[in-house]
Amino acid sequence: RLDLWTNGGGDVTVSGAFNGTTSESVGLYVHGDGGTTEIGANITSNAAVVIADAVELNASVTIDTSSGNASVTLLGGAPAGASDGIYAANGTTVDLTITAGTGTVSLGGDAANGTLAGFGDNSGNGSLIQNVSVTAGTTLLYAQTNEVAGNFTVTGGTELANAGNVSYTLTAGNITLGTLDSLSGTTNGLSINATGDVSMGLIGGTTALADLAVNRWQHPHSHR
């Protein structure tokens, strides 16, 4: 197990590949204390990966915990409350791939810290991630607003995990989701904005959504 902590808002940079095997439940834990975790290489672990921080990708990155069906958590902000989101370094075009087998992936928050920031461009200080692909048993979306430049793909179940009965917005090119539910005991809603195709599995099979809107719009500079 590897734990990386900074104090006073310092940043953590992962520039080399991480390959970890452990008998513990967590393989990699990063806590930036209000800073940013900059990732520029792949992360592989048989145990859980937790980035308790804002996340900036400096290259296309794969996080793979499938060998242990372990969870992946990207808070999008420090537990102390910083919430800069999950984004690409300014001016870059990069992809994020998460493969967790049957494990759970939590994005933009988690059960302990609640809702932080999701996919975006760090309020214009970064860039949108191009493509996001997640394979997991369940993907929990905590942040209400998520946007990527290209495709957003989830294989497995997707749950709107905010406990506050809120309206979500997901903006991307092509959007593919497996089953789609609200958190048990809530009625969260979802508005999808896509420039391409939208594909979803069973909706509300476990917990119904308050509403679902799908808007397919064309970029003003597109000639499709």
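Trainee: Is Glu-24 buried, partly exposed or exposed?
Mentor: Glu-24 is partly exposed in this predicted model, because its relative accessible area is 42%, and buried would need under 20%.

Trainee: What does Glu-24 form a salt bridge with?
Mentor: Its partner is Arg-1, with the closest N and O atoms 3.8 Å apart. Glu-24 sits in the loop between strand 3 (18-20) and strand 4 (26-39), and Arg-1 in the segment before strand 1 (2-5), so the pair ties together parts that are 23 residues apart in sequence.

Trainee: And which other residue is linked with Arg-1 and Glu-24 in the network?
Mentor: Asp-3 is linked with them in a network of salt bridges. Between Arg-1 and Asp-3 the closest N and O atoms are 2.6 Å apart. Arg-1 counts as partly exposed at 46% relative accessibility, and Asp-3 is also partly exposed, at 32%.

Trainee: How many salt bridges does the structure hold?
Mentor: There are 3. One of them joins Arg-216 to Asp-197, with 3.6 Å between the closest N and O atoms. Arg-216 is in strand 22 and Asp-197 in the loop between strand 20 and strand 21, 19 residues apart. Arg-216 is exposed, with a relative accessible area of 52%, and Asp-197 is exposed at 51%.

Trainee: Strand 22, then. What order do the strands take in its open sheet?
Mentor: The order is 15-17-20-22, with parallel pairing among the 4 strands. Strand 15 (145-147) and strand 22 are the edges, each pairing on one side only. The twist averages 10° from one strand to the next.

Trainee: How many bridges hold strand 20 and strand 22 as a pair?
Mentor: Strand 20 (residues 189-194) pairs with strand 22 over 5 bridges, in the parallel sense. Leu-190 stands opposite Leu-212 of strand 22.

Trainee: Changing topic: which residues touch the most other members of the largest nonpolar core?
Mentor: Ile-63, Leu-74, Leu-96, Ile-98, Phe-119 and Phe-152 do, in a core of 44 residues. Beyond its neighbours within four places in sequence, Phe-119 is in contact with residues including Leu-96, Leu-107, Ile-129 and Phe-152. Another core, of 7 residues, lies apart from the largest one, and Val-26 and Tyr-29 are among its members.

Trainee: Where is pLDDT below 50?
Mentor: Residues 78-83 are one such stretch, though the model gives it 17 contacts beyond near neighbours in sequence. Residues 220-224 stay under 50 too, with 5 contacts beyond four places in sequence. Where pLDDT is low, the predicted coordinates should not be read in detail. The mean for the protein is 91, and 92% of its residues reach 70 or more.

Key. Residues numbered from 1 in each chain as written. Predicted model: local features only at pLDDT ≥ 70, side-chain atom pairs only at ≥ 80, totals over all residues. Heavy atoms only, no water. Pairing = 2+ DSSP bridges. Helix = DSSP H or I, 4+ residues; strand = E, 2+ residues; numbered from the N terminus. Axes fitted to C-alpha atoms, helices over the stretch in contact; angles between N-to-C directions. pLDDT = per-residue confidence, 0-100. Contact = heavy atoms within 4.5 Å. Core = buried A, V, L, I, M, F, W, Y, C linked by side-chain atoms within 4.5 Å. Buried < 20%, exposed > 50% of the residue type's maximum accessible area, 1.4 Å probe, protein only. Salt bridge = Lys/Arg side-chain N within 4 Å of Asp/Glu carboxyl O.
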